[in-house]
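Here is a short tour of one protein model. Keep the picture beside you as you read.

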Amino acid sequence: MLKIVKPGLATTVQDGGRPGHYNVGIPLSGALDQYALRLANLLVGNDEGAAVLECTLLAAEIEFTADGIIAIAGAETTPKLNGSAMPLHESFAVKAGDKLTFDFMKSGARLYIAVAGGIDVPQVLGSRSTYGLGAFGGYQGRKLAAGDVLPVGQASPRTRVGRRVQSDLAVHCPKEQELRVLPGIYDHNFTDEATESFYSDTWTVGSEADRIGYRFKGGRALPFKQRTPPFGAGSDPSNIVDAGYPYGCIQVPAGQEPIILHRDAVSGGGYAMIGVVVSADMNRIAQMQPNYKTRFVRVDMAGALAARAEARQRLDRLRAALAD
């Protein structure tokens with residue numbers, strides 16, 4: 001088991017997610033950075049989608065109540081075990097009574113703490129992930145608090161200390177990113193000037209950035225074409241008759257600031273979507289702090305599929321590197 005001494009800013013239990021329930025309004029949930037989740041788990045010999053701790057911006061302080069092996073992947077920071085610096089992206093041993101603390105995150109926004117055996121909270125709809133809006137999953141359906149004690153499952157025989165990856169397979173969190181976007185089914189509602197500025201302007205992550213969505217500021221307004229609102233839509237030009245929101249879609253309320261919906265977002269609503277971030281780039285968003293910069297890059301379906309194939313190849317290389 002492990003005990004939460006200080007919970008940090010927003011620490012939750014997350015795993016590979018809860019797909020298959022979007023049609024009834026239950027989102028994917030799961031780790032925002034799926035690659036970092038898999039890396040941390042593979043380092044300690046877990047199934048790659050096992051439950052871990054996801055820490056956001058300010059990591060938790062943890063006391064271990066039993067011996068074990070852990071690994072930490074994601075944002076650039078310095079983990080400290082009883083005050084001594086420990087490596088990222090490498091498995092190491094902990095003993096009962098040890099305390100794990102962290103420096104501030106120098107780059108990136110989320111880190112993942114995997115424990116050999118996985119965090120053994122109950123499954124809800126096939127997942128141990130926390131869904132905060134629904135108040136279920138994870139540990140009592142909420143962010144972790146001081147004093148929470150989390151059970152840990154049985155470690156795999158494959159677990160060992162010192163398992164690591166080379167730099168090209170580690171998580172990197174640059175402060176400027178390009179996000180590839182497949183045009184949305186409502187982009188025809190925007191003026192040509194809006195579409196041009198959306199892809200040419202540099203956008204800044206706003207403070208409104210969490211598991212539900214990321215708001216981007218600093219670009220020009222994105223006006224809509226004049227039209228008669230369809231029956232059932234609101235009067236704002238950004239309103240549409242309610243439609244499904246795909247994972248990664250970009251809505252633009254009032255034509256002002258794009259919002260990318262992430263893994264805890266609602267499954268539908270009434271804002272027009274200018275595009276959808278390709279699945280391969282959603283992990284990048286998870287590691288963006290407020291004030292990080294991005295440019296949106298328009299791609300076609302072939303480009304989106306190529307990006308997905310490239311991401312899968314990198315994950316396959318990670319699996320191969322940690323298969324021993």
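The lining of the second largest pocket has 11 nonpolar, seven polar and seven charged residues. Here Ala, Val, Leu, Ile, Met, Phe, Trp, Tyr, Cys and Pro count as nonpolar, Asp, Glu, Lys and Arg as charged, and the others, Gly among them, as polar. This is a predicted model: local features need pLDDT of at least 70, side-chain atom pairs count only at pLDDT 80 or more, and totals for chains, interfaces and linings use all residues. Residues are numbered from 1 along each chain as its sequence is written, and side-chain values use heavy atoms, with hydrogens and water left out.

**The two pockets**

A pocket is an open set of points on a 1 Å grid over the protein atoms alone, where a 1.4 Å probe fits, with protein on both sides within 12 Å along at least five of seven lines; lining residues have an atom within 4 Å of a point. A volume is the space filled by probe spheres set on the points, which are joined across faces, edges and corners.

| Pocket | Volume | Lining by class |
|---|---|---|
| Largest pocket | About 990 Å³ | 11 nonpolar, eight polar, 13 charged residues |
| Second largest pocket | About 420 Å³ | 11 nonpolar, seven polar, seven charged residues |

The second largest pocket is lined by 25 residues, and Ala10, Lys143, Asp210, Arg211 and Ile212 are the closest to its centre. Strands β2, β3, β10 and β13 each give two or more residues to this lining. Strands (E, at least two residues) and helices (H or I, at least four) are DSSP runs, numbered from the N terminus.

Which residues lie nearest the centre of the largest pocket? They are Tyr35, Ser279, Ala280, Asn283 and Ala311, out of 32 lining residues. Two or more lining residues come from each of α1, β12, α3 and α4. Helix α4 gives the most, with 10 residues.

Five strands form an open sheet in the order β2-β3-β10-β5-β8, with antiparallel pairing. Two strands pair if DSSP finds at least two bridges between them. The edge strands, β2 and β8, each pair on one side only. β3 and β10 are joined by four bridges. One of the facing pairs is Leu53 with Ile113 in β10.

Helix α1 lies across β2, β3, β5 and β10, at about 155° to β5. Angles run from 0 to 180 degrees between N-to-C directions, with axes fitted to C-alpha atoms, for helices over the stretch in contact. Contact means heavy atoms within 4.5 Å. Is α1 buried or exposed? 10 of its 10 residues are buried, so α1 is largely enclosed by the rest of the structure. Buried means under 20% relative accessible area (1.4 Å probe, protein chains only). The cover over α1 includes β2, β3, β5, β10, α3 and α4.

**The barrel**

Seven strands close into a barrel, in the order β12-β19-β16-β17-β14-β13-β20, with mixed pairing. The twist averages 40° from one strand to the next. Helix α2 packs on this sheet and touches β12, β13, β16, β19 and β20. Its direction makes about 125° with that of β20.

Look at β12. β12 pairs with β20 in the parallel sense over six bridges, and Gln177 stands opposite Thr294 in β20. With β19, β12 pairs in the antiparallel sense over three bridges. There Leu182 has Val276 as its bridge partner, and Val181 stands opposite Val277.

Note on methods
Buried < 20%, exposed > 50% of the residue type's maximum accessible area, 1.4 Å probe, protein only.
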